[in-house]
Amino acid sequence: MTTQNTPDTDARYDRLRELGQQLRVDSVRAADAAGSGHPTSSMSAADLAAVLLDAHLRYDFDDPENPGNDHLIFSKGHASPLVYAMGKAAGALTDEQLLTFRKNGSLLEGHPTPRIPWVDVATGSLGQGLPFGVGVALAGRDLDRVPYRVWVVCGDSEMAEGSMWEAFEHAGYEKLANLTAIIDVNRLGQRGATRHGWDLDAYARRIRSFDWHTVEVDGHDVAAVDRAYAEAAATTDRPTAIIAKTRKGQGVREVADQEGKHGKPLKDAAEAIEELGGARDLHVTVQPPREAAPRPRTGGGTPELPDYKVGDSVATRNAFGEALAALGAAREDVVALDGEVGDSTRAQKFGDAHPDRYFQCYIAEQQMVAAAVGMQVRGWVPYATTFAAFLSRAYDFVRMAAVSRADLNLVGSHAGVAIGEDGPSQMGLEDLAAFRAVHGSTVLYPCDANQAARLTAAMADASGIRYLRTSRGESPVIYGPGEDFPIGGSKTLRATPEDRVTLVAAGVTVHEALAAADTLAEEGVPARVIDLYSLKPVDLPTLREAADVTGRIITVEDHHPEGGLGDAVLDAFTDGRPVPRLARLAVRTMPGSASPEEQLRAAGIDAQAIAATARGLLTSTP
């Protein structure tokens, strides 16, 4: 259908073309001032951005917390010059700030982060913006219940990422009509042509198969782009993907649709700016957000946590599930996400109690973690759960969540060889190392049910990435329900002034260490036992005191030796003080299938192995 323009619309579209040129010029200027950056990737999407900013985005840049604000996520985060040029056009940045791009101390980093108030999430690791957008869209529709729209600008190169297709499928399944993906098909990636080049239909066929509405447009025809955005907003039964054919480096002959120009400032910025028609100073009055009254929610309430009787046997995963359900009853801001294993992780207990705040992400761990990140953008407190081993699939999302300064709770169950017969494909043996390496993270590993329940609740008020490791099998309850377990703490379970060796354990190995200490006591060897349930931050004073008293430490962990409990203990002695004699017991072989008891014995982390190692430390010459 042909649309007849009026003089008013002609003038409007002329202004949008000028705005697109301004965004190109400012992208060129920013990269030139920095001496680095991705101006050509910004130039291809400039017209898409101009129409969105001027006519369709609803946002109050003076009030980024306004619940009615739309959400704009640049999945192609390398096009950050365009993000910042848009901020300047909207009056959120000055020209002087724009030219601090990539400079030390500037908020305008090489890829956008939430250090800028109107940036929701850090992007730049391709394939993540759309999955994050799914989480923000779910929060808007199902949690906040407000009418904002989520716009995600994607690159064509990242369409090769599997995480993008997890997002397309989940959004289509959920019929997220408040989500629009804008795909900048500029044909060129970093080293050459993308997989499908300018074959827009190749993208459209695939995306439509996931129950999306698609619109194919010339991404430099502002009138067509304007109509496409309007069509997306009018589509109320499914998400929309706008698939736009563009040219990388559009507007400058030297770089337009040229290979080898990715990630480089233009050689002659002044000449390019002249070719683009010179600098402009157009200001956009962005449409205000819709009126929004978010769903009321309480936060910070004290949960009635389950209590477990000392001497009973309870799996820590069971305690986690029951505690999470109790936490959800006290706090309406808590949500849970499952990777189709909620019956095993026990997250389903939360789902049974609070079905309106329980999100099934199926076996798509990247999308699960991304959705949790998206929900915390809106102030919700997410707990995302699966087997510890399977969180490794989503590790880059966890890494980028830390860059986003996200507050996120992750729970990995079925950890270590102690799961038994299922074998090594199901055993989380790298998780403690992985999560300890995340910037600003908290890593917790309870050994009994009361400890697990209280740490589950404590995580809700912590900051950054929080990881809780739970166990499949039952273990004795050794702490009373009145015990306190502060993050960063530990519990000394056995101690005398005559202790000759310290046994440091966490989780399932705490019980093995206690049994080993009993054996050693029968032999006249007093052993100190420390339950190091907080592996990050670690209780440095307690470890240092134990080293001063005993001079010998044995660490024992159901985990590979690299990066876990043993390394956490070593952190206490990296300040130049004398290091105690140290032996580290960990899983050093490739497990097979066996009972939990046989697995611990084969790995050399059971009570017998601990006692034997202690004897060796006591009798060997330093």
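1. Basis of the note. The model is a predicted one, in which local features need pLDDT of at least 70 and side-chain atom pairs count only at pLDDT 80 or more, whereas totals for chains, interfaces and linings use all residues. Residues are numbered from 1 along each chain as its sequence is written, and side-chain values use heavy atoms, with hydrogens and water left out.

2. Helices α1 and α4. Helix α1 covers residues 7-34 and helix α4 residues 80-89, and the two pack at an angle of about 120° with their axes 8 Å apart. Helices here are DSSP runs of H or I with at least four residues, strands are runs of E with at least two, and both are numbered from the N terminus; axes are lines fitted to C-alpha atoms, for helices over the stretch in contact, and angles run from 0 to 180 degrees between N-to-C directions. The angle makes α1 oblique to α4, given that angles under 35 degrees count as roughly parallel, over 145 as roughly antiparallel, 65 to 115 as roughly perpendicular and the rest as oblique. The crossing of α1 and α4 is right-handed, a term for the near helix being turned clockwise from the far one by less than a right angle, with anticlockwise giving left-handed. On the α1 side the contact (heavy atoms within 4.5 Å) is made by L19, Q22, L23, D26, S27 and R29, and on the α4 side by P81, L82, A85, M86, K88 and A89. These residues divide into seven nonpolar, two polar and three charged, where Ala, Val, Leu, Ile, Met, Phe, Trp, Tyr, Cys and Pro count as nonpolar, Asp, Glu, Lys and Arg as charged, and the others, Gly among them, as polar.

3. Helices α1 and α3. These helices also pack at an angle of about 120°, with their axes 8 Å apart, which makes α1 oblique to α3. The crossing is right-handed. From α1, residues R12, R15, L16, L19, G20, L23 and R24 meet A46, D47, A49, A50, V51, D54 and A55 of α3, and the residues of this contact divide into eight nonpolar, one polar and five charged.

4. Salt bridge R24–D47. Side chains of opposite charge can pair when their charged atoms come close. The side chains of R24 and D47 meet in a salt bridge at 2.6 Å, N to O, the term requiring a side-chain nitrogen of Lys or Arg within 4 Å of a carboxyl oxygen of Asp or Glu. This pair links distant parts of the chain, with R24 in helix α1 and D47 in helix α3 (residues 46-56), 23 residues apart.

5. Helices α11 and α17. Helix α11 (residues 316-330) and helix α17 (residues 449-459) pack at an angle of about 40°, with their axes 8 Å apart, and are therefore oblique to each other. Their crossing is right-handed. The contact is made by T316, A319, F320, A323, L324 and L327 of α11 and by A449, A452, A453, T456 and A457 of α17; its residues divide into nine nonpolar, two polar and no charged.

6. Backbone features. The peptide bond from K536 to P537 is cis, with omega near -5°, and P537 is found in the loop between β17 (534-536) and α19 (540-550). R102 has a positive phi of about 70° although it is not a glycine, and R102 is found in the loop between α5 (95-98) and α6 (129-144).

7. Annotated span. In an unreviewed entry, UniProt lists residues 314-477 for "domain: Transketolase-like pyrimidine-binding". The end C-alpha atoms of residues 314-477 lie 7 Å apart, and the span is 39% helix and 21% strand.

Key: UniProt positions are given in the numbering used here, feature names are shortened, and annotations may be inferred rather than shown by experiment.
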